[in-house]
Amino acid sequence: MISEYQQQLRERFLSVPETPPPAPWRPVLSRRNPIGGLLGIGFAIAPGTGHDLVMVVSGGGHGLFDALTGEKIARDRDPDPDDSTPDAVPDLSCPGLGPIAGTRVRIAGLFGGGLHTTTYDGWSLEVVSPEWPHHRVLLSTDGGMPHRGPHGERWWHIFDSNYSELRAVGFSPSGLTLAVATSSDLTLWTRRSAETGPAGKADA
């Protein structure tokens, strides 16, 4: 049995529609960009530009995306079997590729691990399951529990994983990229423009 308070929360989460994140967030990849057999994702920084990079590990190999433009900048369809999935090492990492070759990227997803759920300036993410086993991703702007304020003003239901298994949800370490990965796709948002620097400030 669940408490009356828990029932109220469940009803509230079920009553609100899925809605895009508010400004300054904007979509990067097409909504739910398909990636079959996605196992997990991790973040890195592009040398030179400082852009957030998203590394994707899937049944089809490894891929690397520019989180500002959505461009796929590297792909390895046949990674070394010893490094093809992050569970091969204690820190759940895989070798980087393309511009981050020679480094390792920690991967969050099917095998464990996690991404940042808060940013330096108060954005936060929460995953709820009012219709288990489906998950909903909630974004809030005040760093608190999102259900304490009006939906669409202080919190937003930004993703409903009612069709595929949720793998990972989180911000990049910079706080400028927001990613949701399921077993079948990747969705990205950014709040950085081509004219802003790594910390969201204008480049000199």
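Residues are numbered from 1 along each chain as its sequence is written, and side-chain values use heavy atoms, with hydrogens and water left out. Since this is a predicted model, local features need pLDDT of at least 70 and side-chain atom pairs count only at pLDDT 80 or more, while totals for chains, interfaces and linings use all residues. The chain has a mean pLDDT (the predictor's confidence in each residue, from 0 to 100) of 90, and 90% of its residues reach 70 or more. Residues 195-204 fall below 50, though this stretch still has 17 contacts in the model beyond near neighbours in sequence; contact here means heavy atoms within 4.5 Å.

Strands (E, at least two residues) and helices (H or I, at least four) are DSSP runs numbered from the N terminus, and two strands pair if DSSP finds at least two bridges between them.

Elsewhere, β5 (residues 61-66) and β6 (residues 72-76) pair in the antiparallel sense over 4 bridges. They make a hairpin with 5 residues between them, and Gly-70 in the turn has a positive phi of about 85 degrees.

The largest nonpolar core holds 17 residues. Such a core is a set of buried Ala, Val, Leu, Ile, Met, Phe, Trp, Tyr and Cys residues joined through side-chain atoms within 4.5 Å. Its largest share, 3 residues, comes from β3. Val-54, one of those with the most contacts inside the core, touches residues including Ile-41, Phe-43, Leu-186 and Leu-188. Apart from this core lies another, of 14 residues, among them Val-137 and Phe-171.

Finally, Leu-115 is found in the loop between β9 (108-109) and β10. Leu-115 counts as buried because its relative accessible area is 16%, given that buried means under 20%, exposed over 50% and partly exposed in between (1.4 Å probe, protein chains only). Among the residues Leu-115 touches are Ile-41, Phe-43 and Phe-171.

Note on methods:
Lists of a residue's contacts leave out its neighbours within four places in sequence.
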